[in-house]
Amino acid sequence: MSARRTLSVWPVAQQTARVQRQGRYLPASTAHPAKMLPELARQAIAAYSDVGELVLDPMCGTGTTLVEAVHLGREAIGVELEPRWVALAAANLTLARDQGATGRGLATRGDARRLADGLLDQLAGRVPLILSSPPYGDSLHGQVRTGPKPVEQYDNRYSHNPDNLAQLPRQRGRRGRPSFTTALAEILAGCRRLLAADGFLILTARPYRRKGELVDLPGQLEQLAREAGLELHERLVALLCGLRGTELVPRPSFFQMQQQRSGAIPRMLLIAHEDVLVFRKPA
Ligand SMILES: C[S@@+](CC[C@H](N)C(=O)[O-])C[C@H]1O[C@@H](n2cnc3c(N)ncnc32)[C@H](O)[C@@H]1O
């Protein structure tokens, strides 16, 4: 199928994340520290797949991509390492079905690194759309508790599992541990294996700061995907701020605001966009 895209900017935050999720996802989903905006998942699925086709998310978290896929009449399969999020993704899918979603969805526990060597083997070369967002910078994560004590951060981790990509060392792994980059490269190789010849792999990611320094995660993803034998088809921008007439309405996380206001990083910009990277197999 050909992509039905007309603009390279998607305004996906006209409503806050909370409003987008209200009634459509279980309240327990709030505990996941880095969920995709439902509107972003919807736009990607609508533009890059057809009704009845399969959408796969190899790191599905609470199942946003799966829920939006089944509401749009697609089939959906999600893989997630952490049992807690698998259970939540499955429960969110049940809720979607109860609300009339016509597609079928499944969330399963697994390590996405195994997509390259056996996991979901039966789908090799058959998946029309893979849509996912890898774990990224902890500076944006978590909920806030205020009260008599100083501000407290909670729900700011996916888990304490050392195999979770978010816990892997950024560069070189020590004591036999792979680095984040090595693990991600394996996952991308697995995605390439499952992708149909004319399928799309869409990764969404935003740049973030680590110890004050800007990390170009989308740029890293682009390079890793190329090294995995995929070709960049489109690079779009999902606006994480609202649009009101000629004004942009910022929607930063508490921790972004806190960092900016502390002044520790001179002229720090609030990240108000997410890169949407669309890859294909070379012809
Ligand atoms: C950015 S979150 C995805 C959030 C999801 N899109 C949502 O809306 O809830 C990345 C997810 O990847 C999961 N993850 C990390 N390492 C993984 C691995 N090796 N295999 C599968 N999932 C993994 C994390 O536990 C986390 O839930």
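Which residue in β14 does Leu201 stand opposite? Phe279 is the residue in β14 that stands opposite Leu201.

This is a predicted model, where local features need pLDDT of at least 70, side-chain atom pairs count only at pLDDT 80 or more, and totals for chains, interfaces and linings use all residues. Residues are numbered from 1 along each chain as its sequence is written.

View 1. Strand β5 (residues 127–132) runs parallel to β8, joined by five bridges. Val127 has Leu195 in β8 as its bridge partner. Strand β14 (residues 273–280) runs antiparallel to β8, also through five bridges.

**View 2. Around Leu201.** Beyond its neighbours within four places in sequence, Leu201 is in contact with Ile130, Cys191, Leu195, Leu230 and Phe279. Contact means C-beta atoms, placed from the backbone, within 7 Å.

**View 3. The largest nonpolar core.** This core holds 68 residues. A nonpolar core is a set of buried Ala, Val, Leu, Ile, Met, Phe, Trp, Tyr and Cys residues joined through C-beta atoms within 7 Å. Ala44, Ile45, Leu66, Ile130, Leu201 and Ile202 touch the most other members. Helix α5 (residues 180–194) gives the most to this core, with seven residues. Helices are DSSP runs of H or I, at least four residues.

Technical notes
A residue is buried if 20 or more other C-beta atoms lie within 10 Å of its own, exposed if 12 or fewer, and partly exposed in between; C-beta atoms are placed from the backbone. Helices (H or I, at least four residues) and strands (E, at least two) are DSSP runs, numbered from the N terminus. Two residues are in contact if their C-beta atoms, placed from the backbone, lie within 7 Å. Two strands pair if DSSP finds at least two bridges between them.
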